[in-house]
Amino acid sequence: MSKYNLDYLDELEAEAIHILREVAGQFEKPALLFSGGKDSITLVRLAEKAFRPGKFPFPLVHIDTGHNFEETITYRDKMVERLGEKLIVGYVQDSINEGKVIEQKGKNASRNSLQTVTLLDTIAKHGFDACIGGARRDEEKARAKERIFSVRDEFGQWDPKRQRPELWNIYNGRIHKGENVRVFPISNWTELDVWNYIRREKMDLPSIYFAHKRDTITRNGQLMAASPFLNMDDADVVTNRMVRFRTVGDMSCTAAVESEADQIDDIIEEISASKISERGARLDDKVSEAAMEDRKKGGYF
Amino acid sequence: MNILKFFTAGSVDDGKSTLIGRLLYDTGSILVDQLEALQNSNRKNDDGSIDLAILTDGLRAEREQGITIDVAYKYFQTGKRKFIIADTPGHIQYTRNMVTGASTANLAIILIDARNGVVEQTIRHSYLVSLLGVSHVVICINKMDMEGYSEEVYHNITEKYKTLLAANLKLNDVTFIPVSALKGDNIVHLSENMPWYKGTSLLDFLETVEVTGNQTSDYARMPVQWVIRPQTDELHDYRGYAGRILSGTFKVNDKVTVLPSASSSVISKIEVFDKAPEEVTAGMSVTLHLKDNIDISRGDVLVNSAYLPQRSQLIEADLCWMDNKPMDDTITYFLQHNSKLTKCKVREIMYKVNINTLEKEEAFEFKLNDIGRVVIKTADELAYDLYSENKANGSAILIDSRTNLTVGALMFRAIVE
């Protein structure tokens, strides 16, 4: 083995830190998109490693659908206080009030797709030229084709046919006025890598990632947390189950899995043995084979 | 456990996507919901079995046309290693995508269709592997099932490859494996159909081959990406130079030179977040502190004073052109070399390589996917190494200042006096 060989987590970490520092060096007004999920929590940890003892050269930006898991918001506020960094929140409710988007109707209504408008408005309002996100290429096959520096046009759109070649470890962040770049420092991480990193770094997570008792209903074959945000009716049978969440998004589109794993070791074991992919628990990806590609073209994260 | 990055070269007809699909499938890396999506898909093999190629074709246009257009990254791991696959299209019109995939790979898999043997495309793919300096090459002779698993067919192809290409292109580490991606022979499990083959399965080889980094040089280089200056009361004088080490080792008390200013100092402290190690090596993202307060900013590179890099404004380089708009030697491009951005012009086209025959041709223009040797002139002096000695410090990209697109890949080959 070569003497320069790094352990895989060290290599992934070093690559992500390099990318974050390139963002700091190349852009005037970057931002870190923070969802409260484990991937963006990992990004925050990596930003600490990249820039401490200095301040982050960007604020954290949260696009709040209003349909949150309470645990996520509690976690977010505690984390921001510990970090002493700036948090900017863009509210989907504001976009609804301003008439820019219309709340979906019906049983499968979700604010997930409405987020895109709020996100693009928030980017425009603050003039962000780069938005750091926690997307990974292993999540979904359209994401597998996206660059680490991914240019969005004035309308926030991703054009898969006009992607810049990304060679060696050189990232071209040059853009025209009005355009912005989405940057994905953990592109090359898998779900399991993220969990192994969280364990290694002894990072805190919102409690909903660990097994807990919760009222749930079954919707389209998925377990959903019973909440005022789901349009429930008499056909929905509420059952209290031991569950945890593999991804954290809007309450109306994030499904739970039945699990007894309340420790990180158990979760890692469970994921290693799992036969269902992480985004299998996201209703938003089930619409069609190209659901993610279409949303990304429209400006989604 | 470490990471092996590899890329695959070959066209759809060679069964490239099927080979990757087979690796993922046979290592249990495909999950139930992904498999369900596959089974529901309309694309099937002629015998009705699942078309494993669909796994890697992520864009709608690719599925519709049954071709790979762009680089797709795939991930899997075994008990021994984590793998990152860059799945690149093999057709000549996608040469730039293959160059992109090859630029970060430790290993290349080139597919040869056993029925056709060494063809024009094999020459092209092998040339690109050699151009980009990929450390290991695996030649998979695929579709052995359609040639009756014949040892003779395999033998003829490998001999032809060795004499025709491996020697000419100076490919040192070439391994040949006879496979059938469709049937799974010698991919994950050794095949019972080819008892004459005494080597390992493809996966076995990938799991055990030594990973060499992106550099062969031991000379310490670190481009400065960002200067950390908290400017708080308690950290008033803190000044840390943040970057990722391209090559070599930096130790506390090492004498270092800052380029291009050429001022020197000594490393007083090394930080990796909350730790302060005595030494750090290639691949690590670190923060260095110097004894003297000298002017250093993004774009500068810190090097070990005992081993200085090349410094010049004129450089001979191999260029791969990546834009639809041809190269224009009358305009000024941006050149990005690690964290350094400067202006540059293409001063001279020395020759172009016909990548199907490997012949050098006189050239007056550079169009999409053209590859050849040029002389570039930069506005600022660059501190670089030759690509053959240090990939990371010997490569750069060209950016069109009008469109901001990445239009060229440069590999530095010689200093021009």
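In this predicted model, strands β9 (residues 240-244) and β14 (residues 285-290) of chain B run antiparallel and are joined by four bridges. If you want a spot to look at, find Arg244(B): sitting opposite this residue is Ser285(B) in β14(B).

That pair belongs to something wider. Going across, the strands of chain B line up as β7-β15-β11-β12-β14-β9-β8, an open sheet of seven strands with antiparallel pairing. At the edges are β7 (221-223) and β8 (226-228) of chain B, and each has a single partner strand, so one side of each has no neighbour in the sheet. From one strand to the next, the twist averages 40°.

Here's chain B as a whole:

| Feature of chain B | Value |
|---|---|
| Helices | seven helices |
| Strands | 22 strands |
| Buried residues | 50% of the 417 residues |
| Contacts between residues 24 or more positions apart | 71% of the contacts with a separation of 6 or more |

Now for the inside. The largest nonpolar core has 184 residues, and the ones touching the most other members are Leu20(A), Leu32(A), Val183(A), Ala102(B), Ala108(B), Cys140(B) and Ile141(B). Helix α1 (residues 8-26) of chain A gives the most to this core, putting in nine residues.

What is Leu20(A) in contact with, once its neighbours within four places in sequence are left aside? The partners are Leu46(A), Ala47(A), Ala50(A), Ile132(A) and Pro185(A).

How values were computed
Residues numbered from 1 in each chain as written. Chains lettered and ligands numbered in written order. Predicted model: local features only at pLDDT ≥ 70, side-chain atom pairs only at ≥ 80, totals over all residues. Core = buried A, V, L, I, M, F, W, Y, C linked by C-beta atoms within 7 Å. Buried ≥ 20, exposed ≤ 12 C-beta atoms within 10 Å, placed from the backbone. Helix = DSSP H or I, 4+ residues; strand = E, 2+ residues; numbered from the N terminus. Contact = placed C-beta atoms within 7 Å. Pairing = 2+ DSSP bridges. Axes fitted to C-alpha atoms, helices over the stretch in contact; angles between N-to-C directions.
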